[in-house]
Amino acid sequence: MTFKEEILVGIPKILPEIKPYNASVNHAPKRKKILSAEEEVLALKNALRYFSPEHHATLLPEFKKELEDFGRIYMYRFRPDYNIYARPISDYPGKCEQAKAIMLMIQNNLDHAVAQHPHELITYGGNGAVFQNWAQYRLVMMYLAEMTQEQTLVIYSGHPLGLFPSHKDAPRVVVTNGMMIPNYSQPDDWEKFNALGVTQYGQMTAGSYMYIGPQGIVHGTTITVLNGFRKIKKSPKGGLFVTSGLGGMSGAQPKAGNIAGCVTVCAEVNEKATKMRHSQGWVDEVISDVRLLASRVKEALANKEAVSIAYDGNVVDVWEHFYEADIKIDLGSDQTSLHNPWAGGYYPVGMSYEDANKMMANNPEQFKAEIQRTLKRHAAAINKHTAKGTYFFDYGNAFLLEASRAGADIMAENNIDFKYPSYVQDIMGPMCFDYGFGPFRWVCASGKPEDLAKTDAIACEVLEEIMKSSPKEIQLQMQDNITWIKGAQENKLVVGSQARILYADAEGRMKIASAFNKAISEGKIEIVILGRDHHDVSGTDSPYRETSNIYDGSRFTADMAIHNVIGDSFRGATWVSIHNGGGVGWGEVVNGGFGMVLDGSKDAQRRLESMLFWDVNNGIARRSWARNDEAIFAIKREMDRNPNLKVTLPNFVDESLL
């Protein structure tokens with residue numbers, strides 16, 4: 001059977017052979033047992049509803065064993081025989097180029113070179129899933145292959161509810177992930193309802209099909225590292241950045257350190273993740289002895305090398321040993337998946353990865369206690385370094401939040417705020433998000449590297465032209481972005497699809513997209529798929545990350561993310577998604593995203609102008625209402641340029657009156 005034929009089959013009528021468990025693949029940890037006996041029966045009934053009753057007697061014991069062995073029903077038997085990766089768009093079956101583009105993006109998220117746990121359909125973050133099981137994958141791909149421009153596919157936490165009649169300007173796909181009733185949004189609720197097969201954690205760009213590998217965060221991380229060194233008034237050359245996490249998005253950190261020009265040490269407890277990032281060129285060296293690590297770091301600092309080193313072990317050992325060895329850490333952070341602390345996002349110190357995974361599944365209460373002990377020890381070591389001048393920032397992974405819940409010495413004197421800022425509060429919020437700059441991204445659907453090189457050149461030309469008339473307030477951002485795109489090819493950022501990320505504001509995004517659409521219409525490049533990280537100006541309401549620099553009390557509301565997705569859906573997005581939990585934890589955030597296909601048509605031009613303007617300025621308007629000076633400047637500038645935009649501006653109160 002050919003690739004196209006297998007897609008069109010969907011769920012096969014004849015059961016495929018059972019596939020052997022491949023131990024060489026990086027698998028998700030076993031999830032803890034949380035269902036009652038009655039709920040386990042319900043989980044099995046829920047799984048079997050995808051299949052004809054004639055197969056139930058065969059599949060029932062198989063799915064029961066998966067539930068017992070892994071804590072979830074993944075339906076491994078139905079994993080396709082073909083390799084999953086982002087093929088050229090012309091390789092996909094279908095009646096609609098927009099639907100083919102979505103298939104390409106789904107497969108990119110599940111590419112073994114991209115996905116963290118590909119056989120469990122998890123892209124990154126330990127639990128960020130594209131689908132809950134392989135039946136859902138097969139059905140979604142089949143529906144997309146059948147779809148016309150008069151239909152919309154509705155996806156309900158990985159489950160394809162079905163194709164519904166719509167129209168050509170409606171989104172082709174609408175995605176929701178984990179949209180729980182608020183009182184059912186605790187971590188154990190995810191464990192339970194995910195095990196039942198009725199919801200999933202879509203992370204940010206996993207369940208919205210817009211993940212592009214670690215490149216997706218490397219530009220933002222580079223900006224953060226550069227501005228971190230600017231804050232401490234030190235050149236990155238000869239400086240040291242210590243952090244942790246090499247799985248999924250966090251794998252961007254060492255590459256960002258190299259681009260910035262510092263020495264980076266990034267610890268990772270999962271040897272498979274470390275080996276993957278090293279083999280892909282995202283980290284330069286791997287060291288597993290902390291004493292050898294200290295010696296190598298001293299050498300690199302003395303020589304002012306731009307080098308990244310993965311420590312094969314727990315980051316707490318690094319912080320503690322570097323203090324004893326009197327190694328000055330200039331910048332410190334952490335990017336383990338602490339949104340998911342009890343299910344593989346963070347690991348106890350002094351315990352092997354294998355032993356920790358066994359405890360996680362078999363003795364979850366003890367595992368939680370060990371995690372919280374480690375967080376206290378981790379925070380104590382950081383405090384020692386910051387007392388000696390280290391600039392530590394929370395990378396929005398819930399490190400400070402979970403450390404505080406563990407009872408770590410992490411609170412400020414008022415016992416309300418944290419001792420250390422979020423990087424959004426200090427860097428990304430006021431310097432980027434409030435001005436409208438965020439992670440715009442695109443994928444060349446042809447799969448051709450030469451198309452990506454052409455789009456890089458087009459984007460650079462557009463930015464250089466915009467910069468000629470940019471106000472002084474955003475000159476630094478413009479220059480950083482031009483420098484970034486000029487170095488994109490030599491930094492070898494591509495993993496999986498031919499994709500690029502570039503921080504841009506509404507003007508930049510619209511003009512770059514328009515230039516792409518024109519180039520497509522002229523036959524210079526093929527179809528381009530636009531998107532962004534949800535970690536952006538207006539797509540995400542996250543009180544400890546994206547909206548942590550909003551101080552009017554509204555950072556705990558989620559109106560902006562909902563407005564963003566609703567607005568994108570009727571302004572021309574090809575697909576839209578709204579998630580609970582992405583990035584910082586189940587119940588801690590609501591975030592929305594989009595995808596848009598550019599095919600060189602007038603329709604695509606109309607849609608991009610309408611949607612991209614809203615997608616950014618919705619967030620700037622909200623940030624300006626929170627009295628953020630940079631956002632007030634940005635939204636006034638937009639109102640001057642667009643007479644149809646009329647935004648409610650805040651009045652300021654004389655502090656002496658209060």
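Hello everyone. A word on the ground rules: the model is predicted, so local features need pLDDT of at least 70 and side-chain atom pairs count only at pLDDT 80 or more, while totals for chains, interfaces and linings use all residues. Residues are numbered from 1 along each chain as its sequence is written, and side-chain values use heavy atoms, with hydrogens and water left out.

Let's start with the whole protein. There are 21 helices and 17 strands, where helices (H or I, at least four residues) and strands (E, at least two) are DSSP runs numbered from the N terminus. The C-alpha trace spans about 70 × 60 × 50 Å along its principal axes. For 658 residues, a compact globule would have a radius of gyration near 26 Å, and the protein agrees with 24 Å; the radius is taken over C-alpha atoms, and the globule rule is 2.2 Å times the number of residues to the power 0.38. Of the 658 residues, 64% are buried, meaning under 20% relative accessible area with a 1.4 Å probe, protein chains only.

On a 1 Å grid over the protein atoms alone, a cavity is a set of points where a 1.4 Å probe fits but cannot get out; a pocket is an open set with protein on both sides within 12 Å along at least five of seven lines; and lining residues have an atom within 4 Å of a point. Volume is the space filled by probe spheres set on the points, which are joined across faces, edges and corners.

The largest pocket holds about 570 Å³ of space. Its lining has 29 residues, and Y347, S352, Y353, E354 and N357 are the closest to its centre. Which helix gives the largest share of that lining? The answer is α12, with 6 residues. By class, the pocket lining has 12 nonpolar, 9 polar and 8 charged residues. Here Ala, Val, Leu, Ile, Met, Phe, Trp, Tyr, Cys and Pro count as nonpolar, Asp, Glu, Lys and Arg as charged, and the others, Gly among them, as polar.

As for cavities, there are 4 of 30 Å³ or more. The largest cavity has a volume of about 570 Å³. Among its 41 lining residues, G247, S250, Q335, T336 and S337 are the closest to its centre, and the lining divides into 15 nonpolar, 23 polar and 3 charged. The second largest cavity is about 90 Å³, and α21 (629-641) gives the most to its lining, with 5 residues.

Finally, the rings. The structure holds 29 aromatic pairs: rings of Phe, Tyr and Trp (its six-membered ring) with centres within 6.5 Å, called stacked if the planes are under 30 degrees apart, edge-to-face if over 60, and tilted for the rest. Y50 and F51 pair edge-to-face, 6.4 Å centre to centre with 65° between the planes. Another edge-to-face pair is W442 and F516, at 5.0 Å and 65°. That pair links distant parts of the chain, 74 residues apart, with W442 in strand β12 and F516 in helix α18. Are W442 and F516 buried or exposed? Both are buried.

Ring pairs also join F241, Y391, F393, Y395 and Y423 into a cluster.

Technical notes. Buried means under 20% relative accessible area, exposed over 50%, partly exposed in between (1.4 Å probe, protein chains only).
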